[in-house]
Amino acid sequence: MNNKDMYKRPLQDLRISVIDRCNFRCTYCMPAEIFGVDHEFMNECDLLSFEEIEMLATSFAHLGVKKIRITGGEPLLRKDLDQLIKKLVNIDGIEDIGLTTNGIYLPKYAQQLKKAGLKRVNISLDAIHNDVFKGINGRNVGVSPVLKGIDAAKRAGLGVKLNMVVKKGMNDHQVIPMASHFKDQDISLRFIEYMDVGNSNGWGFQHVMTKKEILNQLTQHFDLSPVDPNYFGEVAQRYKYQDAIGEIGFITSVSESFCSSCTRARISADGKLFTCLFANKGYDLRDLLQANSTSQITNEIQKIWSRRDDRYSDDRNEANTSRKKIEMSYIGG
Ligand code: SAM
Ligand code: SF4
Ligand code: SF4
């Protein structure tokens, strides 16, 4: 079955958001002033059930999806998540399942997630300095609970990558301390350019710390060399240290966009399909789920994907960054 979009990009990856709630209020993602006590999150009854997610994932696998990433909001707030992992690992064609998390609940869940078949976690940590991190996550949580989460994941045998969003004036002074802290560990630290996802984080080009600027800082302290990509569509541009086992990567959505190799679809926790992180509308898959036939769902997804012409980051400019977009915590990071 044809799984290419208008620009001949195959559908290969699926990100599934399992919840839109989060225990953090990172200033660049869910600022506390906007995501306050009266913010309306999805009702529990509106979240896709694990059976529904399994059915959708099976349909995506029929179209060529091999990799699934579970995300949110904070996915570990979703009850019994290991039960979902168990279902997803058994789907024919799915080769790899990952999870993106802020890490706080990993000491509690890492073992059972691994046992369920999870292979890898991406843990978000934007600073190694306690007060800086407390200021960013909006919940006054220090670094130590996240470091415990990283340890728990490693002890459980999960592969670990770290995500650090770098924003000028927020944590650009944490690039070197973070690299120094993790360079002797078997961990890939990925620096993510601050993106204009959603409309609540007050994003502006002037806040973006580009790959070039981050690499400039790093090369003044470390001897780094580039590593070839592992596969078509690999998002991170990777570098290795000459004298340490750690690795770093850059996710350059703003300064060097990668839309031409973007093979990712996203499903929100309430069952909408988004073909781009910067979309302003999704396709509701719920009615299709009622029909209870994976072949019907597969056909419908194929039709939607074949019409896909998204390339937001390639076209990013002052004019289109302010248009209405879905929030990251809703669409799934
Ligand atoms: N709560 C989990 C976490 O923080 O890892 C998963 C969801 S979060 C939305 C997924 C990733 O998106 C995190 O690594 C986060 O730092 C990143 N992110 C959120 N807002 C972003 C933005 N405006 N620009 C770049 N990355 C962002
Ligand atoms: Fe929550 Fe992750 Fe967004 Fe931070 S980045 S507010 S941890 S969803
Ligand atoms: Fe993919 Fe959209 Fe990001 Fe481009 S802007 S890489 S199409 S998600």
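A: A residue is near a molecule if one of its heavy atoms lies within 4 Å of it. The model shown is predicted. By that criterion, the shell around ligand 3 consists of Phe-258, Cys-259, Cys-262, Arg-266, Cys-276, Leu-277, Phe-278, Arg-308, Asp-310, Tyr-312 and Ser-313.

Q: How many nonpolar, polar and charged residues does the shell around ligand 3 hold?

A: For such a tally, Cys and Tyr count as nonpolar. The shell around ligand 3 then comprises seven nonpolar residues, one polar residue and three charged residues.

Q: How is the length of a helix checked, and what span should helix 1 have?

A: The expected span is 1.5 Å times one less than the number of residues. Helix 1 covers residues 50-62, and because it has 13 residues it should span 18 Å; the C-alpha atoms at its ends are 18 Å apart, in agreement.

Q: Which residues of helix 1 are buried?

A: Buried means a relative accessible area under 20%. In helix 1 this applies to Phe-50, Glu-52, Ile-53, Met-55, Leu-56, Ala-57, Ser-59, Phe-60 and Ala-61. Just after the helix, Gly-64 adopts a positive phi of about 115°.

Q: Where else does a positive phi occur, in a residue other than glycine?

A: Asp-80 is one such residue, with phi near 55°. Asp-80 belongs to the loop that joins strand 2 (67-71) to helix 2 (81-89). Because its relative accessibility is 44%, Asp-80 is classed as partly exposed. Asn-140, which is likewise not a glycine, has a positive phi near 60°. The loop between helix 4 (130-137) and helix 5 (144-155) contains Asn-140. With a relative accessible area of 57%, Asn-140 is therefore exposed.

Q: Is Ser-268, by contrast, buried or exposed?

A: Ser-268 has 0% relative accessibility and so counts as buried. Ser-268 sits in the loop between strand 10 (264-267) and strand 11 (272-274). Apart from neighbours within four places in sequence, Ser-268 contacts Ser-17, Leu-48, Phe-274 and Tyr-330.

Q: How does one read the surroundings of a strand residue, and which residues does Arg-15 contact?

A: One sets aside the sequence neighbours and lists the remaining contacts. Arg-15 is part of strand 1 (residues 13-17). Beyond its neighbours within four places in sequence, Arg-15 touches Arg-69, Thr-71, Arg-264, Ala-265, Arg-266, Ile-267 and Gly-333. Arg-15 and Leu-99 are 84 residues apart along the chain, and their C-alpha atoms are separated by 9.3 Å.

Q: How many helices and strands does the protein have, and why is it described as compact?

A: The protein has ten helices and twelve strands. Its radius of gyration is 19 Å, close to the 20 Å that the globule rule gives for 333 residues, so the protein is as compact as a globular protein of that length. Along the principal axes, the C-alpha trace extends about 55 × 45 × 45 Å.

Q: What share of the residues is buried, and what share of contacts links residues 24 or more positions apart?

A: Of the 333 residues, 56% are buried. Among contacts with a separation of 6 or more, 75% join residues 24 or more positions apart. The protein exposes about 14700 Å², of which carbon and sulfur atoms supply 47%.

Conventions: Residues numbered from 1 in each chain as written. Chains lettered and ligands numbered in written order. Predicted model: local features only at pLDDT ≥ 70, side-chain atom pairs only at ≥ 80, totals over all residues. Heavy atoms only, no water. Helix = DSSP H or I, 4+ residues; strand = E, 2+ residues; numbered from the N terminus. Buried < 20%, exposed > 50% of the residue type's maximum accessible area, 1.4 Å probe, protein only. Rg over C-alpha atoms; globule rule 2.2 N^0.38 Å. Contact = heavy atoms within 4.5 Å. Areas by Shrake-Rupley, 256 points an atom, 1.4 Å probe, with all protein chains shown as cover.
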